[in-house]
Amino acid sequence: MEQDATLTEVIHLYGWQPEQVSFQGNVCKIINEDGVYALKKSRSSREKLLVLHRLFQKLQENGYEHLLPWIPTHNGEPVASVESVNWYATPWKEPDADFPNTDIVRGLAEFHHEAEPLISEFRELRTKIGKEDLEEWKLKKDQLDLYQESAKMRDYPSPFDKVYLRGYEQLQEPYQFFLRGMEKFVDVTSGKPPRYTICHTRIHPSNILSYENGFSFIDFDNVRIDTPVRDLATYMRRYIRDQGDQEHPSEILEAYEEKNKLQGTEKRLLALYLAYPERLMKYANRYYETPSYFSSEADATHKLEAELWHFEQLWDFARRLWQSTKKKSTPPKSESKARIKKILKR
């Protein structure tokens, strides 16, 4: 097979003569006489991977511990490229431990803090929120409305329909809050956050490898230069899930700020991102567009119910976070509009 021939060529570039080759998910496990390695095919360009490797090397030289070193090919290259497809290798780590969420979020905050000064030369890569983002979010809201109309019109609503219809009403206030807040943010700041860093953008359990002596963030294919609260909001959506079993959002934020203190505007941005029902929209889209994604009606309904409970906790925290930062930043009535804009940009 062509894929087998390509993989063989990549393995040859590393100078390995493996005793065993197997896939675990999308990672190839290479057992070689001198060690065990994880070989990852990347969707990123070679140029992007080389930049990432250089940045990660600097972070590790500065003492950052939660990145795995990239193994060079036998020619000393950090990336192996075969037929326009790029691969990189790291030591294999067998996941065998669970770390408290607060430990992991401290590691994320430290990553953001240490990476911030390293991206000054990549100003042209900084992202910002624009009119097109606002339009996309409005279109997604329209799609939720269509699902609601479809569920209402059914003669015999499914269990998922019934839960979705209840949840749909819960989403109206936070979604409008999110849209209004983002529109104001774009109007006042032109969509630019107060500061930038390297953002993973896909912070979830399968991209955090926990083992006996530590943990590492892996799979940076979707990395971008953006506000750190994008990663923090994603972390809260994915990790604070089960009632009574996980830390409260306020504890996660407190742990994050031990390593990377957020500005007032960043906290308000975090509140806005947490009011965005990303996971709920994904479940609705999968159920109504690709129902085969779920193993059964009961599976789909259970996941939606759990995500609704989870979103309620995030929305409650987002409101309180917004109010607390708003009180601190509200100027006296006599202050000028210029002063107000200055405060919003902090």
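Helices here are DSSP runs of at least four residues, numbered from the N terminus. The model is predicted. T325 lies in helix 10, which spans residues 297-329. Its relative accessible area is 6%, under the 20% cut-off, so T325 is buried. Beyond its neighbours within four places in sequence, T325 is in contact with G264, K267 and R268.

Next comes a helix pair. Helix 6 (residues 228-239) packs with helix 8 (residues 264-274). The angle is about 40°, and the axes are 9 Å apart. The two helices are therefore oblique to each other. Their crossing is right-handed. Helix 6 contributes P228, V229, R230, L232, A233, M236 and R237 to the contact. Helix 8 contributes E266, L269, L270, Y273 and L274. By class, this contact has nine nonpolar residues, three charged and no polar ones.

Now the aromatic rings. The count comes to 25 aromatic pairs. In one of them, the rings of F56 and W70 have centres 6.3 Å apart and planes at 90°, so the pair is edge-to-face. F56 sits in helix 2 (residues 46-61), and W70 in the loop between helix 2 and strand 4 (80-82), so the pair ties together parts 14 residues apart in sequence. F56 is buried at 5% relative accessible area. W70 also counts as buried, at 14%.

F111 and F220 form a tilted pair, 5.9 Å centre to centre with 45° between the planes. This pair links distant parts of the chain, 109 residues apart. F111 belongs to helix 3 (residues 101-115), while F220 is in the loop between strand 8 (214-217) and strand 9 (224-226). Both residues, F111 and F220, are buried.

Ring pairs also build a cluster: Y147, F160, Y164, Y168, Y283, Y287, Y288, Y293 and F294.

Key: Residues numbered from 1 in each chain as written. Predicted model: local features only at pLDDT ≥ 70, side-chain atom pairs only at ≥ 80, totals over all residues. Heavy atoms only, no water. Axes fitted to C-alpha atoms, helices over the stretch in contact; angles between N-to-C directions. Parallel < 35°, antiparallel > 145°, perpendicular 65-115°, else oblique. Left-handed = near helix turned anticlockwise from the far one by under 90°. Contact = heavy atoms within 4.5 Å. Nonpolar A, V, L, I, M, F, W, Y, C, P; charged D, E, K, R; others polar. Buried < 20%, exposed > 50% of the residue type's maximum accessible area, 1.4 Å probe, protein only. Phe/Tyr/Trp six-rings, centres within 6.5 Å; stacked < 30°, edge-to-face > 60°.
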